[in-house]
Amino acid sequence: MKKSLIICYSLISLVFAENRFINNYVFEWGEKDPKIVEKYLKNSIQFNKHKNADAAYILGNLYLSGTFLKKDLKKADIYITIAANLELPEAFNSIGDGYYSGDIREKNIEKALYYYEKAAQSGFGPGQFNAGIVLLNHGKTKKDLEKSIFYLDKASKNLHDLNSIVNFAEKYKKRAISKYKKCFKN
């Protein structure tokens, strides 16, 4: 359940990439001619000699999900990594998912947390939620639970990225506070 929640929010985050035009183009033309969409996104990544992180992220997610394009985890990882190298919070979150699930990268909770925290520190709601959940479920110290509460609180107030995450974050924040109180009675 926890793994599927985290991955679900990362897939949903595709919709929230900044460049709305690219999203609209992809979903309008994707079913009609997937090769045109692939070519368009690849060209958009290099547009005006500036790399477009949103285009790289979307192309990576299309390969990851097998939507419009043939599923290809290697290509997905390459393009999502390009977006992360360009500091796109959604991409940090997706790399965290890869480490958390073990589907794309070797399963590594510490690395997953590192990338979730990078996304969270950028103000990305799903990253805040995921960092809080990982710390809640895998944290071992008082500081881990304090950080879990911090991130879940941030996510519960982050209406910019994902309204539905608010309810989940509030629920898990209460769970984190309860666990904190049980483990570290003053």
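Student: Is D153 buried, partly exposed or exposed?

Tutor: First, a note on the source: this is a predicted model, in which local features need pLDDT of at least 70, side-chain atom pairs count only at pLDDT 80 or more, and totals for chains, interfaces and linings use all residues. Residues are numbered from 1 along each chain as its sequence is written, and side-chain values use heavy atoms, with hydrogens and water left out. Buried means under 20% relative accessible area, exposed over 50%, and partly exposed in between (1.4 Å probe, protein chains only). D153, at 22% relative accessibility, counts as partly exposed.

Student: With which residue does the side chain of D153 meet in a salt bridge?

Tutor: Side chains of opposite charge can pair when their charged atoms come close. A salt bridge is counted when a side-chain nitrogen of Lys or Arg is within 4 Å of a carboxyl oxygen of Asp or Glu. D153 meets K157 in this way, at 3.1 Å from N to O. K157 is exposed, at 58% relative accessibility. Helices (H or I, at least four residues) and strands (E, at least two) are DSSP runs, numbered from the N terminus. Both residues belong to helix α9, four residues apart, or about one helical turn.

Student: Which residues do salt bridges with shared partners join into one network?

Tutor: That network consists of K35, E38 and K42. Within it, E38 and K42 are bridged at 3.7 Å, N to O. Both lie in helix α3, four residues apart. E38 is buried at 9% relative accessibility, whereas K42 is partly exposed at 34%.

Student: How many salt bridges does the structure hold, and which residue pairs with E117?

Tutor: The structure holds six. E117 pairs with K147, the closest N and O atoms being 3.0 Å apart. E117 lies in helix α7 and K147 in helix α9 (residues 142-157), so this pair ties together parts 30 residues apart in sequence.

Student: Which members of the largest nonpolar core touch the most other members?

Tutor: A nonpolar core is a set of buried Ala, Val, Leu, Ile, Met, Phe, Trp, Tyr and Cys residues joined through side-chain atoms within 4.5 Å. The largest has 34 residues, of which L41, L59, A83 and A91 touch the most other members. Helix α4 (53-65) is among the elements giving two or more residues to this core, and α4 gives the most, with nine.

Student: What is L59 in contact with, leaving aside its neighbours within four places in sequence?

Tutor: Contact means heavy atoms within 4.5 Å. On that basis, the partners of L59 are E38, L41, K42, I45, L69 and Y79.
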